[in-house]
Amino acid sequence: MGDATVRTPERLGEAVPHPVTEETGRGLLHRLRAPRRPRLWFEILLIAISYWTYSLIRNAVPEQRAQALRNADWIWRAERQLGIAVEQSVNHAVDSVTWLVVGMNYYYATLHFVVTLGVLVWLFRSHPGRYGATRLVLFATTGVGLAGYYLYPLAPPRLMNGGDFIDTVMVHETWGSMASGDLKNMSNQYAAMPSMHIGWSVWCGLTVFALASVPWARVLGLLYPVLTLVVIVATANHFWLDAVGGVLCLGFGYAVAGLWYGALPHALPRGVPAGERRPGARPPGRA
């Protein structure tokens with residue numbers, strides 16, 4: 001008989017590969033979900049590409065004018081039956097005060113972007129541990145909003161047939177709106193449902209209210225979406241129900257973030273744990 005080969009425990013351990021266990025999989029998932037310190041260059045690039053993609057897809061949705069007008073008529077009838085069809089009254093009342101309606105036109109055209117970016121910058125600087133989850137809420141909200149534009153084309157009140165709404169940008173020749181004047185051909189005119197002005201403003205308001213430590217800032221956080229709601233109605237850019245659609249999209253965004261991170265953004269740690277370093281970073285104490 002030939003010589004028997006005796007394997008020591010050490011050699012046996014070398015011969016048998018380590019299996020990929022369930023714990024390994026959970027560890028990878030934990031690392032993906034763990035808060036990381038955001039990188040400025042990456043966030044700027046991500047936001048720029050995301051907004052470009054959002055605009056591209058939104059404006060690529062076919063402008064189904066006939067269907068959009070039919071849907072607007074249905075929304076208007078439904079609101080009248082519910083007793084909440086006050087958009088026309090608000091629109092005409094605000095239009096009678098020139099300085100007020102012009103201010104609202106500029107509000108509609110600018111603060112939608114300025115405030116949202118401002119909240120993102122504040123989160124980046126002051127709440128890095130919550131930044132990724134809160135940003136995911138915003139991105140998921142916007143993503144499902146794009147689906148709404150495709151599935152339910154809707155004309156804004158100012159474009160309704162026989163609605164007697166005033167297009168305040170056109171009447172007062174206000175600069176800045178992509179929805180009226182010379183810039184209207186650059187934007188899909190029939191993407192009113194859901195209202196991302198409301199989705200984004202409520203996101204801003206809730207984020208500031210939940211995380212700000214200064215009382216007056218928390219109050220402003222709650223007032224911002226309320227003022228935005230008044231503006232989108234007064235300028236005849238949206239129905240009340242478009243705002244409801246925006247809030248529903250935001251609820252979806254929070255659900256996505258909650259499922260991914262296991263908690264809502266405000267419940268996550270404010271800072272990034274010391275153990276969460278950038279990939280490739282050297283541990284302290286090593287050359």
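# Helix packing and backbone exceptions

At 0% relative accessibility, Ala236 counts as buried (under 20% relative accessible area with a 1.4 Å probe and protein chains only; exposed is over 50%, partly exposed in between). This is a predicted model, in which local features need pLDDT of at least 70 and side-chain atom pairs count only at pLDDT 80 or more, while totals for chains, interfaces and linings use all residues. Residues are numbered from 1 along each chain as its sequence is written, and side-chain values use heavy atoms, with hydrogens and water left out.

**Backbone exceptions**

- Most residues other than glycine have a negative phi, and most peptide bonds are trans.
- Ala236 has a positive phi near 60° and lies in the loop between helix H10 (215–234) and H11; helices are DSSP runs of H or I with at least four residues, strands are E runs of at least two, and both are numbered from the N terminus.
- Glu173, also not a glycine, has a positive phi of about 50°; the loop between H8 and H9 holds Glu173.
- Glu173 is exposed, at a relative accessible area of 71%.
- Met193 and Pro194 are joined by a cis peptide bond with omega of about 0°, and Pro194 sits in the loop between helix H8 (168–172) and helix H9 (196–211).

**Packing of H7 with H11**

- Helix H7 (residues 128–151) packs against helix H11 (residues 240–261) at about 135°, with the axes 7 Å apart; axes are lines fitted to C-alpha atoms, for helices over the stretch in contact, and angles run from 0 to 180 degrees between N-to-C directions.
- The two helices H7 and H11 are therefore oblique to each other (under 35 degrees is roughly parallel, over 145 roughly antiparallel, 65 to 115 roughly perpendicular, and the rest oblique).
- Residues of H7 in this contact (heavy atoms within 4.5 Å) include Gly132, Leu136 and Val144, and those of H11 include Cys249, Phe252 and Trp260.
- By class, the contact of H7 with H11 has 13 nonpolar, 4 polar and no charged residues; Ala, Val, Leu, Ile, Met, Phe, Trp, Tyr, Cys and Pro count as nonpolar, Asp, Glu, Lys and Arg as charged, and the others, Gly among them, as polar.

**Packing of H6 with H7**

- The axes of helix H6 (residues 98–126) and H7 come within 7 Å and cross at roughly 150°, which makes H6 roughly antiparallel to H7.
- The contact of H6 with H7 divides into 6 nonpolar, 3 polar and 1 charged residues.

**Cysteines**

- The count of disulfides (pairs of cysteine sulfur atoms within 2.5 Å) is 0.
- Cys204 is buried at 2% relative accessible area, and Cys249 is buried at 9%.
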